[in-house]
Each structure stands twice: as C-alpha cells, then as structure tokens.
Amino acid sequence: DVRLAALDVLPCLGPFATPFVERLATVLREGDEELAFQVLLALDALGPHARPAAELARPYLKHPEPALRRVALSALTACGKHDAEVAAALAKDWDRTEERSGLLLILARAGAAGAWSLPRVRADLRRCLREDDDPLEHLRTLAALGPAARAAIPELRQLTRDPYVAEEAIA
C-alpha cells in the first residue's frame, strides 16, 4: 500500500515532515486501525515536530491491543506530552506484563517526567539482580531520570559488588 510506504518515509524527513502532520492527524481521526499503528510510529519518530497531532494518540492509550497502546505511549512521550494520563497508562501496562523493555525505553525518553516510575524501576531492577537478568535497560532509564535516580543507590551498590560488572567497568 502506497500510504504505508509514505508513512515509512515521513520520519526520515524530520522537521521537513511538519506540513504532513495534519494529514497524519486526519488519518488518526478516521480511525483506520491498520494505518493507526503506522501513523503513531511516524508521530513517535517525528517527536516534537508532530506535537500538533500528538493529542490524537490519547485514545489509543486505552486500546485493547498492547502494541497500539505502547506506540501511543511512545508517541506522546516523544512529542513532550508525558503527563499524568500517559503515566497512568504506562503504569497500567507495567503491571500487566513481564516484558518491560519497551516501557523502560519510553521512561528513558521521558527523562525527569518519568521520575514517578522510580519505585517500579527499582523493584524490577532488584528482580533482574536476583534472577541474573541483564540490567542495562534499567540502568539507562535510571540515568535518564536524573537526580530522582539517587534513590536507586542501594541497587547500584549491589551491581558494583558483582565481579563481572566491576571487571567490565575496568575494561
């Protein structure tokens, strides 16, 4: 489909795609779910350039399809709209799933606005440490949260006691 191919190209245009944002908004208003996913991906990739259309991603925060919810969360965050409604939707998705890597990436993009998630991120980091999972995404998220991440110092201390992590830090 030509429309899908065009949606793939738009993010590559960066700020030059701004004139197309209203058309993306129209597609979301029309409610075509097949195109909605691709449009939300384009809004996500365009970030602040798509801000005028970002509000149209909000209805997808409650969509039954997890993939549409996640891309709506990511698009709103990329457009600088990581507010209480987005935080509540992300928290609900966090509690629904064990697969949190996409959510951690969204929180990292939110920066300080994602500080509300610190207790969840810390708890999941402790789970990673217990189960010997890779904590890298958690650490990137903590770094992006800024000064609020100081509360995670106990978990970070535990990581630095791990001989493998200490060895990697020296290398």
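A: Start with helix α1. It gives the most to the lining of the second largest pocket, with 4 residues. The model is a predicted one. Three helices, α1 (2-9), α2 (21-30) and α3 (33-46), each supply at least two residues of that lining.

Now the pocket itself. Its volume is about 200 Å³. The lining of this second largest pocket counts 12 residues. Nearest its centre lie Ala6, Leu7, Leu10, Arg23 and Leu24. By class, the lining holds 10 nonpolar residues and 2 charged ones, with no polar residue.

Next, the surface. Val9, Leu13, Phe16 and Phe20 form a nonpolar patch there. Together they have about 400 Å² of accessible area. Take Leu13, one of the four. Leu13 sits in the loop between α1 and α2. Is Leu13 buried, partly exposed or exposed? Its relative accessible area is 32%, so Leu13 counts as partly exposed. The cut-offs explain the label: buried means under 20%, and exposed means over 50%.

Last, a look at another loop. Asp132 is found between α8 (118-131) and α9 (136-145). Its phi is near 60°, a positive value in a residue other than glycine. Most residues other than glycine have a negative phi. Asp132 has a relative accessible area of 69%, so Asp132 is exposed.

Notes. Residues are numbered from 1 along each chain as its sequence is written. This is a predicted model: local features need pLDDT of at least 70, side-chain atom pairs count only at pLDDT 80 or more; totals for chains, interfaces and linings use all residues. Side-chain values use heavy atoms; hydrogens and water are left out. On a 1 Å grid over the protein atoms alone, a cavity is a set of points where a 1.4 Å probe fits but cannot get out, and a pocket is an open set with protein on both sides within 12 Å along at least five of seven lines; lining residues have an atom within 4 Å of a point. Grid points are joined across faces, edges and corners, and a volume is the space filled by probe spheres set on the points. Ala, Val, Leu, Ile, Met, Phe, Trp, Tyr, Cys and Pro count as nonpolar, Asp, Glu, Lys and Arg as charged, and the others, Gly among them, as polar. Patches are made of residues with over 30% relative accessible area and no salt bridge: like charges are joined within 9 Å, nonpolar side chains (Val, Leu, Ile, Met, Phe, Trp, Tyr) within 5 Å. Accessible areas come from the Shrake-Rupley method with a 1.4 Å probe; for residues, only the protein chains shown count as cover. A salt bridge is a side-chain nitrogen of Lys or Arg within 4 Å of a carboxyl oxygen of Asp or Glu. Buried means under 20% relative accessible area, exposed over 50%, partly exposed in between (1.4 Å probe, protein chains only).
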